[in-house]
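Here is a short briefing for a reader who is new to this structure. Keep the sequence and the 3D view at hand while reading.

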Amino acid sequence: MNKTIRRASVFTLLLVFALLVRATWVQFYEGRALADGKDNRRNAIETYAEPLGNIIVAGRSITGSAPTEGSDLAYKRTYENGRLYAAVTGYASQAYAPTQLEGIYQDVLNGTDPRLKTVMDTVTDRRAEPGNVVTTIDPDVQKAGFEALGETKGAAVAIDPRTGRILSVVSTPSYDPASLTDANTAGQAWEKLTGDPDKPLTNRALRQPLPPGSTFKLVVAAAALENGLYGSVDARTDSPDPYRLPGTTTDLTNENPDAPCENATIRTALQYSCNNVFAKMAVDLGQDEVRETAEKFGFNDESQDVPVRAHTSVYPKDMDGSSTALTGIGQFDVTATPLQMAMVSAALANGGELVSPHMVSQVTDSGGDVLEDHTDAEAKRIVSASTAEQLQSAMRTVVEEGTGSNARISGATVGGKTGTAQHGEKNSKTPYAWFTSYAKSDSSDEEVAVAVVVEQSDAARSEVSGNGLAAPVAKAMMEAALKG
């Protein structure tokens, strides 16, 4: 064999070898990626070839499937009271990736979860019958919150403090998930929803942290009691009024100049929402101690799953004295979701223990057999029983004698904390109105913890307050929950 033929032969063999390597790579490595790719229409055809499993509230499906016409996608998702439950279900769309519970449990709902396969399914390689997702949502509490928020921009979360069951997740303005289900019409609906300045697709209850304002004073008070800065909620504090922010010439005043805030007790300071008391308290404790307590309640947790991933609520680091003071009143860079502030009230209402909040109780197969059971959620001690009891008492004073009067419920013990959070350059924008609370029935064992934020309403700036805007929403939800 001459040299030219030999070289040509070697080159040809190398080309064949390269082709074999490439074919093997595509088949065994890239093949799965191509099969699972979002642009592979075969996946959508398979997903919507049969009806999907359902999301269930109080024993009733709030989702369904309907046949389509003139499409290779045989079925599309349907929703009952879609606007009411959008913050819970999210959407399952022929055109867009699923969200919320539809996204978390898409494999269960479309039958591709391996846990659903029977022996016959494995033998025949047939897709299993889809499973169902059973939620903890109480339809009465959900409806009460949704109707009470109405046309305002805001959110609310209700939790059973004893079990961690999330009874309600409301975000307004809402949207109809059904508008996004059909690939032929979803594009127009998507453009409208994503172009809406009120951002209806944003889950404000779980995914939009905002300055919590004076509701955060509960966390600071808990830190003060836990760290021994003050022995009880009725001990007088060392709190000049006004309080000069450390390292500045700025005096921090109170909304009510006639309130008895100078050297006020924690009870009185919560009752009148005294800024001077909690700003100085945060400085006296130090940012590390406040942060430690905040993190026990759930702040700075980057993996807060309920099971939808909640946005991280933040207590900041590396602050100077004046910034630390402002965190004491829930300002500077402190942010919280309504879920987070409901968790604060839930832990205090439950004697200092926080039961992991969750809005799915069970995941089942088509026959009702349980694949996942979340009814026995983990509990974690956040503060001592003594601290929790004292703050429960102080929160009752807020409702019975202080700034939370609009949350009073006949036949129930109610505690709460109002908040009005400033934002915008030089606090130029309309404040956020907050209310976090708990309620216990006087005649049954029903309990609930609720947090509400109203971002925007038709109220004049001077009329924006946690008691005026947020407390009535919380009251409606608590009343619905206590009816059992």
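An angle from 65 to 115 degrees between two axes counts as roughly perpendicular. The model is predicted. In it, the axes of helices α3 and α7 cross at roughly 110°, so the two helices are roughly perpendicular to each other.

**Helix pairs**

- Two packed helices are described by the angle between their axes and the distance between the axes.
- Helix α3 covers residues 82–89, and helix α7 covers residues 139–149. Their axes come within 10 Å.
- On the α3 side, the meeting residues are R83, L84, Y85 and V88. On the α7 side, they are P139, Q142, K143 and F146.
- Helix α10 packs against helix α13 (residues 287–297) at an angle of about 115°. The two axes lie 9 Å apart.
- That angle makes α10 roughly perpendicular to α13. V219, V220, A222 and A223 of α10 make the contact with E289, V290, T293, A294 and F297 of α13.
- The α10 and α13 crossing is right-handed.

**Helix α16**

- Helix α16 has 17 residues, numbered 385–401. At 1.5 Å a residue, α16 should span 24 Å. Its end C-alpha atoms are 24 Å apart, which agrees.
- Buried residues of α16 include T387, A388, Q390, L391, Q392 and S393. A394, M395, T397, V398 and V399 are buried too.
- What do the buried residues of α16 pack against? Their partners are the helices α10 (217–226), α11 (266–272) and α15 (338–349), along with the strands β14 (412–421) and β15 (432–441).

**The five-stranded sheet**

- Five strands form an open sheet, in the order β2-β1-β5-β11-β12. The pairing is mixed.
- Strands β2 (60–61) and β12 (370–373) stand at the edges. Each has a single partner strand, so one side of each is left without a neighbour in the sheet.
- Strand β11 (residues 360–364) runs antiparallel to β12, and three bridges join them.
- V363 stands opposite E372 in β12.

**A look at A183**

- Where does A183 sit? A183 is in the loop between strand β7 (166–172) and helix α8 (186–195).
- A183 has a relative accessible area of 31%, so it is partly exposed.
- Leaving aside residues up to four places away in sequence, A183 touches Q94 and A95.
- A183 and K76 are 107 residues apart in sequence. In space they are 8.9 Å apart, C-alpha to C-alpha.

Note on methods. Residues are numbered from 1 along each chain as its sequence is written. This is a predicted model: local features need pLDDT of at least 70, side-chain atom pairs count only at pLDDT 80 or more; totals for chains, interfaces and linings use all residues. Side-chain values use heavy atoms; hydrogens and water are left out. Two strands pair if DSSP finds at least two bridges between them. Helices (H or I, at least four residues) and strands (E, at least two) are DSSP runs, numbered from the N terminus. The expected span of a helix is 1.5 Å times one less than its number of residues. Buried means under 20% relative accessible area, exposed over 50%, partly exposed in between (1.4 Å probe, protein chains only). Contact means heavy atoms within 4.5 Å. Axes are lines fitted to C-alpha atoms, for helices over the stretch in contact, and angles run from 0 to 180 degrees between N-to-C directions. Angles under 35 degrees count as roughly parallel, over 145 as roughly antiparallel, 65 to 115 as roughly perpendicular and the rest as oblique. A crossing is left-handed if the near helix is turned anticlockwise from the far one by less than a right angle, and right-handed if clockwise.
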